[in-house]
Structures are given as structure tokens and as C-alpha cells.
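Thanks for coming. Please keep the structure open while I talk.

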Amino acid sequence: MVKLQTAFLLLVLTVLELSAQGSDTTFGIFRQKEYYFSNSFKLNWFKAVEYCRARGMFLLSVRNPEEREAIIEYLEGTGYLKTHKTLHAWISANDLGEEGEFHWASTGERMSYLNWSETEPNDFKIDECTREDCAILEYWSEGGANYNYTFNDRSCMREFLFFCETLPA
């Protein structure tokens, strides 16, 4: 029975991988979580949250080095970085409730894994009404360790790619 279940799971994963190769968006199952990557369209942070929730998912939380490695492996599997030198994608971290106190919107947990780029978060003032309160995961192939899948705070109204995930049961 276990062999049959394993074979079925491999078949499902193969079908998902093949169907994702020809689509504009990437969906996959990796390390007990399902991920969705909006690799062809961008939304502001609030719309990205809505988009994920409408699909029964949450904006990505990267709560420890293992989750960071999992999303890096997943992203590498999509082939996105073979054709793009940078990545700026919304994650669920924000300090909308209290300035400087970042929490994961998907779980409500206070951030304890602080994988910020150097000098971040800086709450940069965009104009009199706009500051940086929502976080992105960023990568730049030529940026060195400071842009190696690190966090950066940005204005929530900017449009970026995003990741959705299911939370473990």
C-alpha cells in the first residue's frame, strides 16, 4: 500500500511540474507545503494578501533558515532566475500595527528570524503619507550576500511579484 501511495504522489508531482512549465504562474508542492509564485504579474502587498487568501493560501512567511532554503530550492526549480537577475517578491512580514515591530501576517507571529539586508528595515519615507511598512524577499545575482534572499521593507502600495503558501497542519 505504501508503494502505491508513493507512486501516486510521484505521479501527481510530475503532472504538477509539467503543467507549471507551460503556464505564466508556477504552482508546486515542496517540503510539505504548497507554493504559488506569481512570476508574470505584480500586485501591491494588500492585493497579494487577497489573492493568496482567495486561493486558500497565505502570503509567504520565512520564519527560519530552513524555510528560507526551502523557498530558494523551490524558486530555483521554477527556472525563474535563469532568465532574471533579480527578484523582489512580497512576503507576509509587515509593521503596519506598530512601527518597527514586524509580524508575519500569515501567522500573527512576531518576526524572530531577522534576515534583513544591510541597513534594513529603514522605514524610508516616500512622501508625507507613505513609508515602508511591508517586506519583500530580494535577490540580486550581482549583489553579493546583502541581496542573497534577504528581507527589505518597502511601501505596501508598490507592485511586486509574490509568493503564496499553505501553512503546515
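**Overall figures**

The accessible surface of the protein chain is about 9,500 Å², and 54% of that belongs to carbon and sulfur atoms. Accessible areas here come from the Shrake-Rupley method with a 1.4 Å probe, and for residues only the protein chains shown count as cover.

A word on the source. This is a predicted model, in which local features need pLDDT of at least 70 and side-chain atom pairs count only at pLDDT 80 or more, while totals for chains, interfaces and linings use all residues. Residues are numbered from 1 along each chain as its sequence is written, and side-chain values use heavy atoms, with hydrogens and water left out.

The protein chain has four helices and eight strands. Helices are DSSP runs of H or I with at least four residues, strands are runs of E with at least two, and both are numbered from the N terminus. Read from the N terminus, the order is α-β-β-α-β-α-α-β-β-β-β-β.

Of the 169 residues, 41% count as buried. Buried means under 20% relative accessible area, exposed means over 50%, and partly exposed lies in between, with a 1.4 Å probe and protein chains only. Now contacts, meaning heavy atoms within 4.5 Å. Among those between residues at least 6 apart in sequence, 66% join residues at least 24 apart.

**The disulfides**

How many disulfides does the structure hold? There are two, where a disulfide is a pair of cysteine sulfur atoms within 2.5 Å.

One is formed by C52 and C164, with the sulfur atoms 2.0 Å apart. This pair links distant parts of the chain, since C52 is in helix α2 (residues 45-54) and C164 in strand β8 (residues 161-165), 112 residues apart. The torsion about the S-S bond is about -80 degrees, so this disulfide is left-handed. C52 is buried at a relative accessible area of 0%, and C164 is buried at 1%.

The other is formed by C134 and C156, with sulfur atoms 1.9 Å apart. It too links distant parts of the chain: C134 sits in strand β6 and C156 in the loop between β7 and β8, 22 residues apart. With 90 degrees about the S-S bond, the link of C134 and C156 is right-handed. C134 has 0% relative accessibility and counts as buried; C156, at 6%, also counts as buried.

Numbering the bonded cysteines in sequence order gives the pairing 1-4, 2-3.

Why is strand β6 described as largely enclosed by the rest of the structure? Because six of the seven residues of β6 (residues 134-140) are buried.

Strand β4 (residues 86-94) pairs with β6 in the antiparallel sense over six bridges; pairing requires at least two DSSP bridges between the strands. In this pairing L87 stands opposite Y139. β6 also pairs with strand β7 (residues 148-154), antiparallel and over six bridges. There, E138 stands opposite T150.

Last, H88, which is found in strand β4. Is H88 buried or partly exposed? H88 is partly exposed, with a relative accessible area of 27%. Leaving aside neighbours within four places in sequence, H88 contacts I136, L137, E138, R154, F160 and L161.
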